Protein chains: 2
Amino acid sequence: MIKNIYAELISIGDEILYGQTLDTNSHWISAELDKLGIRVKRKVTVADSEESILNALAEAENNADIVLITGGLGPTKDDLTKPCLAKYFQSDMYLNEEVLADLTDRFAKRGRDLNALNKGQAELPVKCKIVPNQYGTAPGMWFNERGKIFVSMPGVPKEMKYMMEDTVLPDLKELFKTPFLIHQMVRTVGIPESTLAEKLEDWENNLPQEIKLAYLPGLNQVKLRLTASGEDKAKLELLLQQEMDKLYKEVGQYIYGTDESNLAAKVGELLLSKGLTIACAESCTGGHISQLITANSGSSAYYRGSIVPYHNDLKINNLGVKAETIAQYGAVSEETVREMAENVRKLFGADIGVASSGIAGPTGGTPEKPVGTIWVALADGEETQTKLFNFQFDRESNIDLTANSVLNLVRQTLSSK
Amino acid sequence: MIKNIYAELISIGDEILYGQTLDTNSHWISAELDKLGIRVKRKVTVADSEESILNALAEAENNADIVLITGGLGPTKDDLTKPCLAKYFQSDMYLNEEVLADLTDRFAKRGRDLNALNKGQAELPVKCKIVPNQYGTAPGMWFNERGKIFVSMPGVPKEMKYMMEDTVLPDLKELFKTPFLIHQMVRTVGIPESTLAEKLEDWENNLPQEIKLAYLPGLNQVKLRLTASGEDKAKLELLLQQEMDKLYKEVGQYIYGTDESNLAAKVGELLLSKGLTIACAESCTGGHISQLITANSGSSAYYRGSIVPYHNDLKINNLGVKAETIAQYGAVSEETVREMAENVRKLFGADIGVASSGIAGPTGGTPEKPVGTIWVALADGEETQTKLFNFQFDRESNIDLTANSVLNLVRQTLSSK
């Protein structure tokens, strides 16, 4: 059995704690370490204060084999990471002539002289190795002390990423023997988390010990993540394949993808593979279905266009819905949405026409048609399917659920052909 | 001198540590607590394991007055937050009949029965108070133990935000005496952060000590937050008003709002106040402008509808753009986008027609019209304005920048009338 390698991430900066800066660094670092099979055990964000930083270093040394630190490396007074690391490792400081020459050169190229603050960036703890920084003036610091690795990098994402890719990740890969890990993402749509969990209970209880399952729920989609870990790559791949086969047998109809792709992109792939095109008539979704489809590069190969006839006169005059239909059944009705889907299909010369009409809320509901009453339709020239939803969320969620339900209807229709 | 109130945030979930989910919850919570004058001292993200969660709870109890916990509250096996809290506070569990009745009712409305997993969500530690969850099945838990507040909320952002706004923030505000704070948000559009900072340098350097300025930059909008803190409310309000007046003198033309409202809503307010309506012809934005407008409740009062003529034949046959115009100048041209805006205005019976046509990327660029070349237009019946942009971002950002630029063009045009 190979020992797991654990990392802890420390982000330093008041601006993160005050909610002014979203910390995307630790997210990126996590994903990169995961690819190497190094497990991030914990992430901590602490303030620009000596006490907080020293505590975080001590806790991290206790928890992990590798400690990656971002932030607090600028030239100003509130940047405390370097003096804290020197104190923590009881290391003297020295002026690194190479770093100083590089700094002087960079400033000269921009026609500027080094000031005392900038010069201070070349003063470094004796105990650290330099991690080069192509994009900024603060060098990174690599400490190998008491059997643990500590690396300090700037908080500027571009500088941090350069150091990680150029130095830190390759060196960690060489230094540590890590267990073999395979992650498999499974994307489902159209089934609530609890129903999915119920259907998968037996399967989950019988998973081999090498495989772990996690549920990652969203508003209208649930992702499952299977993680296989061990020493024998071929064995893990086989085990994972066997479990994926079982999973498809149980809930295959809800699975739309096993990669990074989104639902609209999957619908696009299906349309492309069958040489079909789509057009949309969106009332209550107000352009959201179209936006999801066209967010994918290359969508012009299968997407013809859309009309958003928000007012009834546009539904009648510009989309050809019969005035009598709206008068008799209302705009939010099976009859209207059916004509919308059929007409946009013909009008825009597409193979498939989809449509939505409903009350997204929070206003506009009536006793017979309360907020969340939403009709959708799909016309493919042979038949027209319609569906009624009663969503009970806020406007944004009702619109998003409707758009995804329409895309899922397209997916189901194309998958069954 | 008022005592500082400290909070610690705990995010629970392997998916965050593995870099699969970006933790935006703690960012949002930080900003909200900051508005109350509560300082977030530390944020920790830990794994879905009992040991990690119990350790994090003990550390947080030691560090802070308030501990806010997100994640790990789903109905499935890997959701460990509730049992860990029960263990940590040595609390028995009981079946909360009210929560159970609410769950049963929710499921009944959707025509479903409760399964055992869902029913388990109504089992709660005796020592906690329930925090209602309008958008999901997992109730939040509020513990007031050993002089500290612990609140556990789901990781789904919508559910967490509802609980924070509905219960947690108002209750914390009442419970803790925090220094008097006034936050004033100022929303700008159409000016980069560095240009804005340059224009505001003198003003910022002369701000009274009671007022602090923060830049919150986004892709196409920069928000400024002025925070006045002290004891004398009337004095703070006066100071803030004086500085706001100066700010408007410097950069008033870029300011579209000073509240929570978004740019599309502001455009809607302007249209409403002038009794005007709008229609959109969207090519490269693919429905995004329409989606931003219709995301606002009540938009049917000023929004007529849209057409997304993704293919040239739709631009010609369904929007009436002259075939010669496209043949001579191309679909991505000033001439085409001008006709699109003028035609959709007439076709959809609106006062204002806007249009977009461009190359959002990453493919489709040519040497003459590289990716990011985007034309937009606004026709109001008297004149038609056009603008050319050269955005250098990814597809998603190019689309978003274009949509916001169109909305800003509408804002500027209406504001100057």
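Predicted model: local features only at pLDDT ≥ 70, side-chain atom pairs only at ≥ 80, totals over all residues.
1. One to look at on your screen joins A:Arg304 to B:Asp313, where the closest N and O atoms lie 2.4 Å apart. With the cut-off at 4 Å, that pair qualifies as a salt bridge.

2. Polar contacts come next. Across the interface of chain B and chain A, 38 residue pairs are in polar contact, with both residues at pLDDT 80 or more. On the side of chain B that touches chain A, the biggest contribution is from strand E2 (residues 38-46), which supplies eight residues. Sorted by class, that side of chain B holds 26 nonpolar, 27 polar and 20 charged residues.

3. How much area is buried between chain B and chain A? The figure is about 6100 Å², and carbon and sulfur atoms give 51% of it. In chain B, the residues that lose the most area to chain A are B:Tyr18, B:Gln20 and B:Arg304, together 11% of what that side buries. As for residue counts, 73 residues of chain B are in contact with 75 residues of chain A.

4. Strand E14 (residues 303-309) of chain A pairs with strand E14 (residues 303-309) of chain B; the sense is antiparallel and the pairing runs over five bridges. Which residue of E14(B) stands opposite A:Pro309? That place is taken by B:Gly305.

Notes:
Residues numbered from 1 in each chain as written. Chains lettered and ligands numbered in written order. Heavy atoms only, no water. Contact = heavy atoms within 4.5 Å. Buried area = accessible area lost by both parts, 1.4 Å probe. Salt bridge = Lys/Arg side-chain N within 4 Å of Asp/Glu carboxyl O. Polar contact = N/O pair within 3.5 Å; in protein donor to acceptor, adjacent residues only side chain to side chain. Helix = DSSP H or I, 4+ residues; strand = E, 2+ residues; numbered from the N terminus. Nonpolar A, V, L, I, M, F, W, Y, C, P; charged D, E, K, R; others polar. Pairing = 2+ DSSP bridges.
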